[in-house]
Amino acid sequence: MTDMMLSADVSALDAADPLAHFRERFQLREGLIYLDGNSLGALPKATGARLAEVVAGEWGEGLITSWLGSEWSTAPRRIGDKIGRLIGANPGEIVATDSTSVNIFKALTAALSLRRERPVILSEATNFPTDVYMMQGIEAFSGGRVKAVTVAPDAIAEALNDDVAVLLLTQVHYKSGRVRDMAAITRRAHDVGALVVWDLSHSAGAIPVDLNGANADFAIGCGYKFLNGGPGAPAYLFAAARHHAAAPVLSGWFGHARPFAFEEDYDPAAGIERFQCGTPPVLGLSALEVGVDLMLEADMAELRRKSLALGDLFIEHMRPLCDTYGFELVTMQGHAERGSQVAYAHPQGYQIVQALKEYDVIADFRAPDILRFGLTPLYLRYQDMVETVDRLEKLCASRAWDKPQYHERAAVT
Ligand SMILES: *Cc1c(COP(=O)(O)O)cnc(C)c1O
């Protein structure tokens, strides 16, 4: 196949792409290829105007009356319900609130309150660090009641026993992109009487998720990745309706049954609202809602199909670079096991990711040697996959990564 035929094929893929029209809804500079939407989603063009309206109108004019008048106080529940439509939850099972880390704490302690006789929080050792750190913090605080246990990724099933109160797993692994079988693992955990908290940070808006179809107990995830909610966007927490009696440990007043009664004692709200803690971050929620609304316009099956096709195309074009320059594919090639990213290991991974910025490609690096290419089907084109490999090839051929400034690690990668 000649290069010209190849580029004609790729243009045809873009021309026939039913999601192509979403790209113009995002602010993306011409020439830039953004492959980091799994870490910070791109800016929807509608977000700026919405925030200006909330700031000038709802806050500036409405002042405190906007808590009711502009429905600020119910935003966590309203946006939670919208996120629920993306991930198979019923209305009243999700609140958009706090950070993912804080929600991990809340979900784990809620699960522990439902399994008081069991000591273990189980996870995989290579889980996203904050997930494991939160487990360790709970153990340290518990005065011997709770034990944080991590095992190798493939040892989860055998580590599930009747000491385990709760299993914490990330559905799509942040480095490799490996997808866990949520329904099968949840069933296995329930068989030994354990509960499961699913981290959906790299799932929501990236792959079809069916929480209630999998009989999930709790879930949490980020608002600023595939949901395009903006830097530090509020996260979300799902608790299946059958677990709404779980005791909140972060028993703040916004989770109270009657916050504005200012009662002396804590009495948790009956529903999902008990998983709120303090005053909702209205500006962040407003930006998140724009991202979620935009995602809801797209068909999730179509998104998944395109995400896999983008990945297949990228992997195919990367093959010669693997042979010549030593990239090693880390992501599973099988569709059932692949999330919405493609990862390669390379000893100079950090320098290459830095040097790629000279070529107007933004990807990211995860220690010790992983280059991560996030695939966001709402705003990436097939031609971006081919073009990225072209630019990477030029970079490798000229050894552009081997400059002194790329040898020093920055604080944020
Ligand atoms: C991104 C990510 C987080 C981030 O947590 P924050 O509290 O938002 O910083 C947590 N867990 C996983 C699996 C992630 O991918």
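## Basis of the values

The model is predicted, so local features need pLDDT of at least 70 and side-chain atom pairs count only at pLDDT 80 or more, while totals for chains, interfaces and linings use all residues. Residues are numbered from 1 along each chain as its sequence is written, and side-chain values use heavy atoms, with hydrogens and water left out.

## Nonpolar cores

A nonpolar core is a set of buried Ala, Val, Leu, Ile, Met, Phe, Trp, Tyr and Cys residues joined through side-chain atoms within 4.5 Å. Buried means under 20% relative accessible area, exposed over 50%, and partly exposed in between (1.4 Å probe, protein chains only). The largest such core has 56 residues, and those with the most contacts inside it are I83, I87, L122, W198, L200, L211 and L227. A second, separate core has 35 residues, including V10, L310, V353 and L392.

Contact means heavy atoms within 4.5 Å. With neighbours within four places in sequence left aside, the contacts of L122 are M135, V149, V151, I156, A159, L160, V164, V166, L167 and L168.

Helices (H or I, at least four residues) and strands (E, at least two) are DSSP runs, numbered from the N terminus. S123 belongs to strand β5 (residues 120-124) and counts as buried, because its relative accessibility is 0%. Its side chain reaches the backbone oxygen of L168 at 2.6 Å. Neighbours within four places in sequence aside, S123 is in contact with M135, V149, T150, V151, I156, L167 and L168.

T186 sits in helix α8 (residues 182-191) and is also buried, at 0% relative accessibility. Not counting residues up to four places away in sequence, T186 touches V196, W198, A214, N215 and A216.

## Surface patch

Patches are made of residues with over 30% relative accessible area and no salt bridge; like charges are joined within 9 Å, and nonpolar side chains (Val, Leu, Ile, Met, Phe, Trp, Tyr) within 5 Å. V55, W59, L63, I64 and L283 form a nonpolar patch on the surface, with about 510 Å² of accessible area together (Shrake-Rupley method, 1.4 Å probe; for residues, only the protein chains shown count as cover). Within this group, W59 lies in helix α2 (residues 45-61) and is partly exposed at 47% relative accessibility.

## Salt bridges

A salt bridge is a side-chain nitrogen of Lys or Arg within 4 Å of a carboxyl oxygen of Asp or Glu. The structure holds 27 of them. One joins the side chains of D384 and R23 (3.8 Å, N to O). D384 is in helix α12 (residues 382-397) and R23 in the loop between α1 (3-15) and β1 (26-27), so the pair ties together parts that are 361 residues apart in sequence. D384 is buried at 3% relative accessible area, and R23 is buried at 18%.

R29 and D360 meet in another salt bridge, at 2.9 Å (N to O). R29 is in the loop between β1 and β2 (33-34) and D360 in the loop between α11 (349-356) and β13 (361-362), 331 residues apart. R29 is partly exposed at 47%, as is D360 at 21%. K403 pairs with E358, their closest N and O atoms being 2.8 Å apart. A network of salt bridges links R78, K82, E289 and D293.

Notes:
A polar contact is a pair of N or O atoms within 3.5 Å; within protein, one must be able to donate a hydrogen and the other to accept it, and residues adjacent in sequence count only if both atoms are side-chain atoms.
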